[in-house]
Amino acid sequence: MKKWAEVALGVVTSIGGFLEVGSIATSAQGGAEFGYQLAWVLVLGTTSLAILMEMTGRLAAVSQRSYADLLRERFGYRFFLLPLVAVFVVSLLVVISEIGGVSIALQLATGIDFRWWAIPTALVGWFLLWRGNFTIVEQGTAMLGLVAISFAVGALKLHPVWPTLGRALLPSLPSHDRARYWYLAVSILGASISPYLYLFYSAGALEDEWTIEHLGVNRVTAGMGNVFGGVLAIASLVTAALVFAPRGIKVDRYEQIALVLATPLGRAGLVFFIMTLFVTCFGSTLEIVLAIAYLLAQGLGWNWSENLKPGKDARFATSYTVLILLASLPIAIGMDPLTLTNISMVATAASLPVTVIPLSVLMNDGDLLNTHVNGWPSNLALVVIALLSVVLLVAAIPLQLLGGG
Amino acid sequence: MGAVHLSHDVIDSQLVDRHQEKIGRIDELLLELEEGKPPRVATIVIGGVARARRVGRWMLACHRAVHALLGHREEYESRIPFEAVRRIADTIELDVEGDTLPSMRLDRWLATHIVCRIPGGSGERK
Amino acid sequence: MLQPASARTNRLSLTFAALLTGVGCGAPPPIDKQLETLASWTATMQLAKERHGAGAITITYATQLRDRADEAFQQASTTIGQSAHTRTDSAYAAAALDSLRTAIRQLESEVGS
């Protein structure tokens, strides 16, 4: 019985973590400019993420070390610096955008300019990390993140054309604005497949004391959680496709996006949008800041855990404190959140090889995983994802220049 | 017991002290070379200098510059005799007192001067 | 090809300066993109007006949308002149700016601000 409660919680966590400022912004832009067409990119991104999460979860449960631990142990300190720096820089950009998302949500609700909300958001977030344990952080934000279901409700009320949507789940080529299409495809992939997600998941498996007995829970959590999350992201794309595309509205400012729910769901829609933006971005802020702190602490061998009082893991606690406060500054000085989000999504996509390729090595290490090493289907999937990550790295800068509106 | 591979199983492994607390990773191993005796693995080194040196001379220079800027005179590096190793497994257990290690200095400083000054900082578990 | 060092340095500096000017001054977006942006904000204002009428959005929120549309209008007014190279372009530009201005006014009167 307890196992199934854990599974349910795990699924919920995945939903909560899936929709956040990156997915909301990129899906809205994608839907507004290309209708349903980019839905297949979300399918690709969700599937890839599910696979990567299941693997890093399995790695932690069987070897009792997180992916970050193993990046240091199995590849050495010199190599470790590569994913450390890449993930640090890219994740910092993303968390700055997430704080931007929370700030915009508070601005939408109160009318007070988003700049004023950045530092208070960081302080409240810090307080939750300082005083809360892992369970509270993980499950609290996940439960509240269920408001994101409002996107699914909104999409249904707009009466999507199911056959057309179905066809859009398969890859297609754009009929216009090719550079912009592929640029948005890359950003959507960056929003879906974020290294902080599977790094956090791996560390979380250790926080939750997973063992070999949790491998089934791991599969269901990674699989179903991401399916639900992916459905919500597609729903977000569909709402923009049905509300913005026919009217020729392009998303240039976050404020416009609230209309995708205010149209089908009226006043409740606006409220749900604000709540979804607030909760999902806030949860992601905590998750990303912890992910970076875990990476640093585990890679350097420091004591770490959200379940320990900060005095017992001072370097770890100081790290997330400094990170969250630092991340609030760009928004506090007024940098445009949507521009930051777009840049951070493409940067994320470009950074994938340094965390995907080492994983393919580890998942075949018999010393670490015994009988739980990858079978050939998993390896095939991983190779495809690794190739995809290299394509994204190569295409990122040209597309940002050619298609970054 | 089978062979223990230095590169694979020892270097970069997680170290824990006699209280099972994490105290860092093996950043470097020093061999002792004495006339007439076979070389042996003598010392475990934990510290930023050792890490920097592994990356390259330029990294070492940056590391030294930062420490000079902060006014540190000594290297905060722990050198632990290899004899202190009690167990080599997923982690390597050392018979030392983590709190006394020089490489833990930053952790101690942060804990006493900052973390424990903020409410909710002290104690064991949340 | 051998050139005296000074000539090479001059050429490099000129190229660099040209690049910087191009990038720094930020050539305005092409006319069709600007017209699209104006049309997009016009449609946003119209949707907002309709939504406010239906009680779906708050005055606070509508005001923020209006402010953003205003910013887009101001920015377009200054840059569209540089992108409109023909008489037709200028006519389209004037019409687009006019539509947006009207739409903003209509939202303002709907919201009563």
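## Strand pairing, helix crossing and chain contact

In chain B, a hairpin of two residues links strand β6(B) to strand β7(B), where helices (H or I, at least four residues) and strands (E, at least two) are DSSP runs numbered from the N terminus. This is a predicted model, in which local features need pLDDT of at least 70 and side-chain atom pairs count only at pLDDT 80 or more, while totals for chains, interfaces and linings use all residues. Residues are numbered from 1 along each chain as its sequence is written, and chains are lettered from A and ligands numbered from 1 in the order in which they are written.

| Strand | Partner | Sense | Bridges |
|---|---|---|---|
| β1(B), residues 14-16 | β7(B), residues 91-94 | parallel | three |
| β6(B), residues 85-88 | β7(B) | antiparallel | three |

Within β7(B), B:Ile92 stands opposite B:Leu15 and is also the bridge partner of B:Ile88.

In chain A, the axes of α4(A) (residues 67-110) and α13(A) (residues 259-300) come within 7 Å and cross at roughly 160°, the axes being lines fitted to C-alpha atoms over the stretch in contact, with angles from 0 to 180 degrees between N-to-C directions. The two helices are therefore roughly antiparallel, a term that applies to angles over 145 degrees.

Between the chains, 27 residues of chain B are in contact with 26 residues of chain A, contact meaning that C-beta atoms, placed from the backbone, lie within 7 Å. On the chain B side, α4(B) gives the largest share, four residues.

Notes. Pairing = 2+ DSSP bridges. Parallel < 35°, antiparallel > 145°, perpendicular 65-115°, else oblique. Contact = placed C-beta atoms within 7 Å.
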